[in-house]
Amino acid sequence: MPKWLKDAVFYEIYPQSFYDTNRDGIGDFNGIIEKLDYIKGLGCNALWINPCFDSPFKDAGYDVRDYKKVAPRYGTNNDLYRLFGEAHKKGIRVLLDLVPGHTSEEHPWFLESQKAEKNEFSNRYIWTNFCFEPAKGYAYIGGECERNGTYLLNFFKCQPALNYGFLNCEEEWQLPPDHPDCIATREAMKDVMRFWLDHGCDGFRVDMAPSLVKNDDEVKSGTSAIWRNVREMLDAEYPEAAIVAEWGEPQLSLKAGFHMDFYLNHMGPGNGYSSLMRDYGMPERLKEDNSFFKKDAHGDITRFLNQYLPDYEATKDDGYYCLITCNHDTVRPKYNLTDEELKIAYAFIFTMPGVPFLYYGDEIGMRYQEIPTKEGGYFRTGARTPMQWTNGKNAGFSEGEADALYLPVDPAADAPSVESQEEKEDSLLHTVRKILALRHAEEDLQADAKFEVVYAESGELPFVYRRGDLLIAVNPSAETVSAPVDAAGRSEIFSVGSGKAENGAITLEAQSFLVLK
């Protein structure tokens with residue numbers, strides 16, 4: 001396990017929307033470099049940069065055309081190498097976004113694979129043997145290639161699936177994972193990882209990590225074997241490199257070799273993570289909001305704990321199960337929560353076990369925008385709008401013309417910005433800085449410190465938990481609440497709102513968060 005993860009706090013950057021330095025309306029590597037001091041000042045000491053490789057951008061860069069070349073709209077390879085170096089000077093690690101399950105249909109591997117004449121890339125992707133032979137149970141494309149067959153997709157139409165094999169082969173055209181051509185796919189992806197690690201990258205967030213081996217079993221044993229092989233390579237050659245899975249099942253992912261896995265809402269509304277901040281359904285079908293951190297929603301923390309605790313207890317010695325404020329696939333939490341509600345939510349996220357991830361702009365409460373789809377974003381597009389730095393032109397994101405921006409900035413007169421929140425001592429931005437400073441200062445708040453539920457009753461508040469020797473109490477509601485928890489001899493080291501510990505109980509006023517030492 002890389003030691004630096006213990007005290008890591010990640011900042012996720014959607015590069016095309018972060019900061020534009022050349023006036024073309026698209027964020028770039030130089031923009032990230034210029035904002036490194038801001039990121040460090042937040043308390044974030046690691047970055048996850050969404051896909052920045054060469055791409056036709058039919059899926060915002062998750063359709064890679066060249067794994068070893070950056071997209072020109074962000075700069076050059078040398079610009080990215082410089083970003084690694086400048087970040088390291090400030091004590092900031094950098095993860096890139098690796099997409100191992102598919103490429104763009106414009107990738108040179110695919111252009112060779114689709115040729116009628118057999119070559120070394122013929123089995124780099126998954127093909128049936130005949131043009132009218134459907135790939136039963138899988139999305140596939142036919143009629144567009146020289147080759148007399150159809151090919152499988154991994155997600156969108158533009159993303160042909162790379163061939164890591166089938167755990168249980170049922171058709172003649174399906175290869176087992178130990179077939180030389182499937183092993184060649186795995187080794188090609190390890191070669192990509194080595195390329196970027198050798199140039200200064202500190203690891204990877206892995207897109208759709210469980211999607212490699214097809215017809216896999218329930219425990220993903222075929223795909224897990226591949227990731228364990230990758231982990232062996234990292235441990236031997238790059239022991240300080242880290243990998244985090246987009247998987248959401250830590251009992252599988254962490255035992256497969258990942259250092260971290262995200263607790264995600266991809267299983268749909270109502271799961272444990274969604275119950276915290278997004279218990280309302282998708283934006284187009286908004287229903288009653290029962291989110292735990294919604295002041296008047298009467299949310300229930302046991303809905304989160306009933307799912308979280310079994311996974312945490314089963315994997316706490318294997319790696320880190322990570323909470324996020326949001327990501328590029330998720331509606332921003334400001335969609336339904338006020339800044340005061342977000343302060344409590346973030347204080348919780350940043351004091352929980354694992355390695356937390358802060359999505360750019362969440363620290364100022366950027367809003368989710370109802371806008372048309374861009375580059376395959378669909379409803380997710382509204383969470384990918386430009387960072388709002390100032391109250392001036394284009395919210396300080398770009399000096400280019402407004403109609404040239406990658407996406408429009410929030411047009412509201414009261415749109416949050418870094419500039420406006422810097423001026424207010426009680427702003428969301430300052431609260432984030434304070435809680436992250438506390439996390440770095442207190443080892444008991446870091447990734448591997450012990451976590452224990454002290455008081456959590458269905459339909460009752462507050463929620464009280466222990467990190468190491470610290471006692472933490474949460475009350476997101478509009479009422480004053482108490483819990484029979486003895487905190488004698490402890491003193492407050494951080495609070496949002498107001499609370500006290502006396503007479504064998506912890507009492508919190510409305511919308512309060514309290515850390516006692």
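Here is a short tour of a predicted model, stop by stop. Residues count from 1 along each chain as its sequence is written, and side-chain values use heavy atoms, without hydrogens or water. Since we're in a prediction, local features need pLDDT of at least 70 and side-chain atom pairs count only at pLDDT 80 or more, while totals for chains, interfaces and linings use all residues.

Start by selecting residues 242-245, strand E9. (Helices, H or I with at least four residues, and strands, E with at least two, are DSSP runs numbered from the N terminus.) Ala242 and Val244 sit on one side, Ile243 and Ala245 on the other, and all are buried, meaning under 20% relative accessible area, with exposed over 50% and partly exposed in between (1.4 Å probe, protein chains only).

Strands pair if DSSP finds at least two bridges between them. Gly203 has Ala242 as its bridge partner. On the E10 side (residues 260-262), two bridges make another parallel pairing with E9, and Ala245 stands opposite Asp261.

Next, pick Gly85 in helix H3, residues 77-89. Its C-alpha is 7.1 Å from that of Gly200, 115 residues away in sequence. Gly85 is partly exposed, at 29% relative accessibility.

Between E13 and E14, find Pro462; the peptide bond to it from Leu461 is cis, omega near 5 degrees. Phe57, between E3 and E4, has a positive phi near 60 degrees and is buried at 11%. Asn503, between E18 and E19, also has a positive phi, near 55 degrees, but is exposed at 76%.
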